[in-house]
Amino acid sequence: MSCKVLVVAEQDGGAVRDITWELLGLAHKVAREAGWGEGSVKALLLGQNLDTAAKGLAERGAAEAIVADSPALANYSCDGSAAVIEAQAQAESPALVLLGHTPNGWDVAPHVAAGLDAPLATECSAVTAPGGKPRFTRKAFNGKFVQEIEVGDAPMSIATVQRGASQAFSGSTQGTVRKVDPGIDPAKLQARFVEVRKGESGGLDLTQAAIIVSGGRGLGAAEKFSIIRDLAQALGGQVGASRPVTDSGWLPHEHQIGSSGVTVAPKLYVACGISGAIQHLVGMRGSGFIVAINKDADAPIFGVADVGVVGDLFEIVPALTKAVQEARK
Amino acid sequence: MKTLVLVKQVPNTDSPFRINAAGTWVDEGNLTYGLNDYDRYALEEALRLKDKGAATEVVALSVGPERAATALRTCLATGADRAIHVKDDRLAGSDPLAIAKVIAAAIKGEEFRLIFAGLQADDDNYTQTPALVARLLGRPCATAVLKAELLDGSIRVERELENNRVQVIEMTLPAVVAVQTGINEPRYASLKGIMAAKKKEIRTVGLSDIGVDAAQVGGGAARLKTVRLAHPPKGKGAEILKGSADEVAKALVQRIREKTGVL
C-alpha cells in the first residue's frame, strides 16, 4: 500500500520517544478520516543501533518502519537528518509528513520543507484531513488566537505537532522493517554534533514536586518574587517560573516550566501573573489542580485552570499566603 | 566578516487585538507595532561580534510593508550599519517559504558569513523562516540557540533542549543562527545612536529589483493559507472566584483542600 502519512520517529538512545507514539495515533486518526487506510501509515527512524526501536514501531502503528541506521546518524545534525528525511519523503511521496514539535523536530522540519518545496505548518495542536485535504490547527499570537491552515493543492505537506495533541497509538500492527542506506558522509556534514549536557543547575527537580507555585511576567521585577516564595513556603511547595522570568534573570533557568523548560505534573499548581502562552501550558497542563491568578480575564491560563481569580496578584497572593498559614495552624 | 540580521516588525503584545471581518487574521487597524522581541537578541548577538572586531558590518533586513522601515530604523539606531527593506505590495499574504525565497534573492551576491535571526516571530509564531532560508542557501542552521561562540571558520552553538539540557553543535561557516530569548541582554538605542541612524542607509527594494517573479509570492501563490482565526475555546474553563482579596483567598484554600488534599 502506498504511504500517505510518514511519521518521522524520534528516539533517545534507541528508545522511541512518547511524541512518536502520539504521532502514530494521530496518523491513524487522519488516515481513517481521509479514507487512506490503516496500511498507509509508515514511520521513518534515524539513528544507530535501532533494531529494537524499529521492531516496536512496526508492532505499534507503522505498516512499515523505514530505518536509516548508521554511525553517521548516531547524533542529531540538521543537514544529515534533513537529507535522509527529504530522500525518503521523496521516495514515498506521502500526503503528510508528521514530526514532533520538539527541539530537533522544529529544527529539521524547515530544511525538509524548503528542500521539497512543501508547505510546513508548525506547532499544530490538531491535524485533520476531511476528504483527504489536510487541515492544521495551531496557536498564533502566543496563544491569543487559534489559527486554522489549509494547504490548497499542495501534493505533500509537512507538520510539526505539539506534545499532547493526540492519544498515543494503542492498537497493534504487523508492520515490516526495511533498512535504507542513509548515504550520509559524516565528513561532509555542515552541522556537527559535539555533545548533549545538562544545563546549569542548582539541583532543583521540579518534575517530582507535589506543589508548585509559579510566577510570570506579571511580577514585573526579580525582587517581587518574594511573594511567590512566601506562598510556596506556606504550601510546602517549590517555586516555578515562565520563560520571561528566567530570560530576565529573575530566577535561574532550572525553574522554568514549559516546552523549553521542564514538564511538571504536581497535585497543585498555582500560576501567578502567567498569561499562559502555549509554551508554558504544555509544561504544566497535566497538573492535578490548577489555580490561576491574573489581571487579564482573557488570559489563556484561565482556559486550563480549575479555579481562577481575576485581579491584582500583589493583593491576592499575600492574602492567600496568610489564609494558607491560618489553615495550617 | 559581513553579518546579516533578519528582523520582523510585529504587533506589540499589548495592542488591542481584534479579528478581521473575514475571520482570517487580526484587524491591523488598531495595532501598534515594534521590533519582534526575539530579533532584539539576534541583533545584539551580531553587534557583540562587531564590538569584538569579528564582524566588519552588521546589516539588518526585513520583508514587510512601509511601516516595517520603523523596525529597521530601530536596528540602525541600536548599532546596525545599514538596512535592506524588501517592500512590494504584491508580497501581501505570502507564506513563509515565499518570504524565505525573497530573503535569499535579496541577499544574493552579498556573501554574508553569518546570518542571525530570532527563533520565532511574536505574531504568527511560525518558527521556520531562518531554517528555510538556510536550506535555500545550502547552509546549516541551529535554532533555539542560547550561546554562540565564533571559532576559526565555524561557530559553536548551544541549543536549548527539553528538561534543562543543551545540545552543542559546531557549524561550518557560512551558517544561520536562530537565537532564543535570554541569549544575551539586548542594548537599547542611545540618543547618539538615534541621531547617527538618520544618516544610515535603508535600501528599499521591490520584487523586480531582486529578480523574484510576482506569481511566486503573495496570497494567491500561498500554499500555507490561514482559513480561520478565532479566539481559543475556553476549554473546561476555570471557576472564577469573586470578592475581596481575603474572601477569594479563603475560598481558594477551601477548593485546594477539597480537591488536592495537600492542606
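This is a predicted model: local features need pLDDT of at least 70, side-chain atom pairs count only at pLDDT 80 or more; totals for chains, interfaces and linings use all residues.
**Strand β6 of chain A**

Strand β6 of chain A spans residues 96–100, and five of its five residues are buried. L96(A), L98(A) and G100(A) point one way from the strand, while V97(A) and L99(A) point the other way. Residues on both sides are buried.

β6(A) has pairing partners in chain A. Strand β1 (residues 5–8) runs parallel to β6(A), and three bridges join them. Within this pairing, L6(A) has V97(A) as its bridge partner. Strand β10 (residues 157–161) also pairs with β6(A) in the parallel sense, over five bridges. Here V161(A) of β10(A) stands opposite G100(A).

**Backbone features of chain B**

Most residues other than glycine have a negative phi, and most peptide bonds are trans. Chain B has exceptions of both kinds. The peptide bond from L173(B) to P174(B) is cis, with omega near 0°. P174(B) lies in the loop between β9 (165–172) and β10 (175–179) of chain B.

| Residue | Phi | Loop in chain B |
|---|---|---|
| N125(B) | about 55° | between β6 and α4 (129–137) |

Are these two residues buried or exposed? E111(B) has 9 other C-beta atoms within 10 Å, so E111(B) counts as exposed, the cut-off being 12 or fewer. N125(B) has 21 other C-beta atoms within 10 Å and is therefore buried, since burial requires 20 or more.

Methods
Residues are numbered from 1 along each chain as its sequence is written. Chains are lettered from A and ligands numbered from 1 in the order in which they are written. Helices (H or I, at least four residues) and strands (E, at least two) are DSSP runs, numbered from the N terminus. Two strands pair if DSSP finds at least two bridges between them.
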